[in-house]
Amino acid sequence: MAWRCPRLIAHRGGGTLAPENTFAGLRMAAQHGYRGVEFDVMLSGDGTPILFHDETLERTTGGAGRVAETSDAELARLDAGGWHGSHFAGEPIPAFADAAELCLALGLWANVEIKPSRGADSETGRKAAALAREVWAGALLPPLLSSFSVGALEAAREAAPELPRGLLYGPVPANWRGELKRLGCASLHCDAYRLGPALLAEAKAAGVPVVVYTVNDIVDAERLLRLGVAAVITDRIDIIPPDLA
Ligand code: G3P
Ligand code: MG
């Protein structure tokens, strides 16, 4: 499949300018001219795919406890924006289906990071991919599904084999190419500050696009793009222009 994705991608929706993984974040990315966003998808206690990063509610909502043990009705009562600033108070936790529709409406391409809570790898991968397939059916550009979880990627492949997938790493192991191949992944996603020249050269020679996270310095972003990184994920959509490349 031909690789087509924006070279600058806003992290967790709107980066630092809005509460992460919210509608406000997606709108913020679009307002700043970004054409691509990354966000995290986890399952609620009812098994609904929602936009959420942590396994627990404390950091980004007024709630407490595990996301995987909290019902949709309880999640709907939480404020996912107030922690970031009073301006965002009352921001809901988006259902993935609604966030996907908003991306389409705003013309945003999406890197959907499948973020299973402990033990929910297959179910999260399967549900996120099935939903992505449904919402983006017939869209010009399909979303890119990525995950640190091999189980989630395997399940996503089974549920929606036609959607491109990316394998996420912290430290990249020596056998990354074999893993990508085994999982049928199109891209390698890694920490920008652990990407050495040898790894980049190896990926280039193999024709594998490399997506790096999280670059918040414009000089670093420019350097990485010049070196041939396919895309840069950033929190600083205020200082890194979407057309930097
Ligand atoms: O997808 C890249 C990046 O989002 C991975 O780290 O923890 O921000 O989801 P994290
Ligand atoms: Mg993420």
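**View 1. Strands β4 and β5 side by side.** Strand β4 (residues 109-114) and β5 run parallel, joined by 3 bridges; strands are DSSP E runs of at least two residues and helices H or I runs of at least four, numbered from the N terminus, and two strands pair if DSSP finds at least two bridges between them. This is a predicted model, where local features need pLDDT of at least 70 and side-chain atom pairs pLDDT 80 or more, while totals for chains, interfaces and linings use all residues. Residues count from 1 along each chain, chains are lettered from A and ligands numbered from 1 in written order, and side-chain values use heavy atoms, without hydrogens or water. Across the pair, E113 sits opposite S146 in β5.

**View 2. Both faces of β5.** In a regular strand, side chains alternate between the two faces of the sheet. Here L144 and S146 on one side, and L145 and S147 on the other, are all buried (under 20% relative accessible area, 1.4 Å probe, protein chains only). L145 also stands opposite R165 in β6.

**View 3. The magnesium ion (ligand 2).** Its protein donors are E38 (OE), D40 (OD) and E113 (OE), 2.0 to 2.2 Å away; donors are N, O and S atoms within 2.8 Å of the metal (3.2 Å for Na, K and Ca), and with water not among the atoms, sites may look incomplete. Along the chain they follow E-x1-D-x72-E. E38 and D40 are both buried.

**View 4. T22 in its loop.** T22 lies between β1 (8-10) and α1 (23-31). T22 is buried because its relative accessible area is 0%. Leaving aside residues up to four places away in sequence, T22 touches A80, E91, P92 and P94 (heavy atoms within 4.5 Å).

Definitions and conventions
Buried means under 20% relative accessible area, exposed over 50%, partly exposed in between (1.4 Å probe, protein chains only).
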